[in-house]
Amino acid sequence: MTDQPTSTSGRPWWMDAVMYQIYPRSFCDTSGTGVGDLDGVRRHLDHLSWLGVDGLWLSPIFPSPMADHGYDVADYCDVDPLFGGMAALDALVAESHERGLRVLLDWVPNHSSDQHPWFLESRSSRDNPRRDWYIWVDGTPDEPPTKWKATFPPGTPAWTWDDTTQAWYHHRFAPQQPDLDWSNPAVEAAMLDTLRFWLDRGVDGFRMDVIHMIGKDLSRIGPDYGDATDPVRTHGHLRRIRAVLDAYDGDRVSVGEVYILDVEQVAEYIGAGPEGPELHLGFDFVPLFLEWAADPWRTHLAQAEAALGRRGSWPTWALSSHDITRVRSRLGSEEKARAAAVLLLGLRGTPFLYAGEELGLEDATVPPELRVDPAGFRDGCRAPIPWDASPHHGWAGATPWLPWPPDPDVRNAASLRDDPASIVHLYRRLLAARRASAALRAGDVTFLPAGDPDNDDVLVLERRAPDGDRRLVALNFAPTPRPFTPPAGPWTVEISSTGAGEGAPFPNELAPDEAVLLRP
Ligand code: NOJ
């Protein structure tokens with residue numbers, strides 16, 4: 001157990017934070033397995049402190065057969081030996097806290113591994129006391145109870161036949177990830193205890209995997225429904241989850257993966273619900289799919305602000321994750337990825353960076369024989385992080401579990417840190433600017449017209465804090481220069497995505513693909 005770092009702003013720490021997602025398998029191998037481990041994370045805490053983030057989220061580190069690389073949990077209260085076991089996590093949490101960095105774990109409550117003792121018991125006989133911890137339906141092996149499809153492997157049923165007890169079990173993901181039945185109070189109680197286990201050990205909160213799926217109404221198992229998800233029940237579970245976190249000091253936080261591409265619906269799970277508080281934070285995934293153009297971004301950002309604002313909830317933003325092509329690869333150029341970084345770190349809310357985003361990493365090209373993702377498309381964004389230009393790029397020597405991203409000899413943390421013009425320095429300057437500005441950290445946001453009615457390619461945000469601190473963020477989505485005269489100038493370029501003109505008066509023109517942060 002270690003003490004939580006203290007908050008200095010008077011607001012919960014997570015409102016002022018910029019978080020950093022680590023996919024531990026891909027971060028740094030110190031033990032020669034070819035898979036990253038927690039000592040590898042600890043080794044690079046210096047990089048996180050240098051960059052200026054406030055905390056990290058570790059994708060799952062629990063014992064797992066790794067059918068979904070950790071999102072199939074075989075024990076919610078331990079750490080897989082592959083990652084270094086419990087001692088490695090304790091050391092990582094302690095050292096992170098000494099540096100003032102928070103640590104979030106990834107809690108996977110919708111499903112366990114099929115190797116979890118609960119499921120092994122559940123499938124062992126129809127009268128096992130844990131039978132109804134999972135979702136079983138009688139039938140015959142030739143026809144699943146419904147036509148529902150699992151999320152992956154693509155096209156497969158959401159049901160698997162079990163010969164021993166002659167019944168089907170339900171899984172929203174792979175067959176090795178059976179869904180827990182949260183409508184059974186014993187399941188909820190056991191899962192809430194797993195939260196307490198880690199909170200007692202000193203972690204600062206959780207990212208909660210597909211949390212919107214946990215509430216289910218089993219009477220919906222039939223042809224009239226697309227799945228058994230019951231939002232009303234989910235809201236109840238979320239209030240009780242929230243009560244567990246709120247019973248601890250130190251503003252422990254929940255960040256929901258509410259994977260619904262509609263921010264109005266996502267907002268229903270965040271903040272002060274009609275019957276009590278639910279998630280503290282929840283990702284909005286729509287930006288990861290938006291066309292790179294001013295109008296869709298302006299429209300969506302305004303819609304998200306309105307949806308979350310109805311309950312006074314605080315937004316959560318990300319450009320990349322372990323589930324989607326990296327932002328640099330999606331946008332197609334480093335210039336655009338740089339502009340996106342200025343936007344992300346200029347938004348109102350809590351930004352999450354995905355490890356390697358600050359290095360401008362692209363997805364790796366993964367040949368078919370090396371693919372390991374059960375969903376089939378996520379290996380590229382999970383490529384190992386190259387730390388330096390040495391032959392093993394700072395990893396322990398074994399061939400990494402996935403191939404390196406492009407150009408690791410030059411695009412690695414050490415080489416980029418040596419180059420003040422590189423993208424990692426841009427991220428670092430943005431983080432420092434955000435930390436120093438009340439407007440950026442905590443101010444409100446308004447979307448300003450770009451001045452010229454023909455200026456459809458420029459997005460402008462104003463951030464303003466109660467103490468009068470102000471910033472403008474302006475982004476030119478076009479590949480050619482665009483005029484932009486900010487209101488009530490003069491304005492100084494605090495940061496440019498191109499690095500040009502910082503500290504000089506803003507010249508009222510944006511370069512191609514440029515985003516700027518302006519201060520009065
Ligand atoms: C969402 C996670 O982000 C993803 O990686 C995982 O495969 C599914 N949930 C299932 O746990």
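A salt bridge is counted here when a side-chain nitrogen of Lys or Arg lies within 4 Å of a carboxyl oxygen of Asp or Glu. By that criterion, the side chains of Arg378 and Asp373 meet in a salt bridge with an N to O distance of 2.8 Å, and a search of the whole structure finds 43 salt bridges. The model is predicted, so that local features need pLDDT of at least 70 and side-chain atom pairs count only at pLDDT 80 or more, whereas totals for chains, interfaces and linings use all residues. Residues are numbered from 1 along each chain as its sequence is written, and side-chain values use heavy atoms, with hydrogens and water left out.

**Ligand site**

- The ligand is surrounded by 13 residues, the closest being Asp68, His111, Asp209, His322 and Asp323, where a residue is taken as near if one of its heavy atoms lies within 4 Å of the molecule.
- By class, this shell holds seven charged, four nonpolar and two polar residues; Ala, Val, Leu, Ile, Met, Phe, Trp, Tyr, Cys and Pro count as nonpolar, Asp, Glu, Lys and Arg as charged, and the others, Gly among them, as polar.
- A polar side-chain atom of Arg207 lies 2.9 Å from an oxygen atom of the ligand, and a polar side-chain atom of His322 also lies 2.9 Å from a ligand oxygen.
- For Arg378, an N or O atom in the side chain is 2.9 Å from an oxygen atom of the ligand.
- On its own the ligand has 300 Å² of accessible area, of which the protein covers 97%; such areas come from the Shrake-Rupley method with a 1.4 Å probe, and for residues only the protein chains shown count as cover.

**Salt bridges and their surroundings**

- Arg378, which has the ligand contact described above, is buried, and so is its salt-bridge partner Asp373; buried means under 20% relative accessible area, exposed over 50%, and partly exposed in between, with a 1.4 Å probe and protein chains only.
- Arg252 forms a salt bridge with Asp249, with the closest N and O atoms 3.5 Å apart; Arg252 is buried at a relative accessible area of 2%, whereas Asp249 is exposed at 58%.
- Salt bridges that share partners join Asp39, Arg42, Asp46, Glu95 and Arg99 into one network.
- Asp39 and Arg42 are separated by about one helical turn because they are three residues apart in helix H1 (residues 38-43); helices (H or I, at least four residues) and strands (E, at least two) are DSSP runs, numbered from the N terminus.
- Both ends of that pair are partly exposed, Asp39 with a relative accessible area of 34% and Arg42 with 27%.

**Helices and surface**

- Helix H10 (residues 334-344) is mostly covered, with nine of its 11 residues buried, among them Glu334, Arg338 and Leu344.
- Ala243, in helix H6 (residues 231-246), is partly exposed with a relative accessible area of 47%.
- Between Ala243 and Leu192 there are 9.8 Å in space, C-alpha to C-alpha, while the two are 51 residues apart in sequence.
- Tyr259, Leu261 and Phe289 form a nonpolar surface patch with about 310 Å² of accessible area together; patches are made of residues with over 30% relative accessible area and no salt bridge, like charges being joined within 9 Å and nonpolar side chains (Val, Leu, Ile, Met, Phe, Trp, Tyr) within 5 Å.
- Phe289 is found in the loop between strand S11 (281-282) and helix H8 (294-309) and, at 47% relative accessibility, counts as partly exposed.

**Backbone geometry**

- Most residues other than glycine have a negative phi, and most peptide bonds are trans.
- The peptide bond from Phe152 to Pro153 is cis, with omega near -10 degrees, and Pro153 is found in the loop between strand S4 (136-138) and strand S5 (159-162).
- The peptide bond from Gly489 to Pro490 is also cis, with omega near 0 degrees, and Pro490 lies in the loop between strand S17 (482-483) and strand S18 (492-496).
- Asp407, although not a glycine, has a positive phi of about 55 degrees; its place is in the loop between strand S13 (350-354) and helix H11 (413-417).
- Asn508 has a positive phi near 60 degrees, is found in the loop between S18 and strand S19 (509-510), and counts as partly exposed at 34% relative accessibility.

Technical notes:
Polar contact = N/O pair within 3.5 Å; in protein donor to acceptor, adjacent residues only side chain to side chain.
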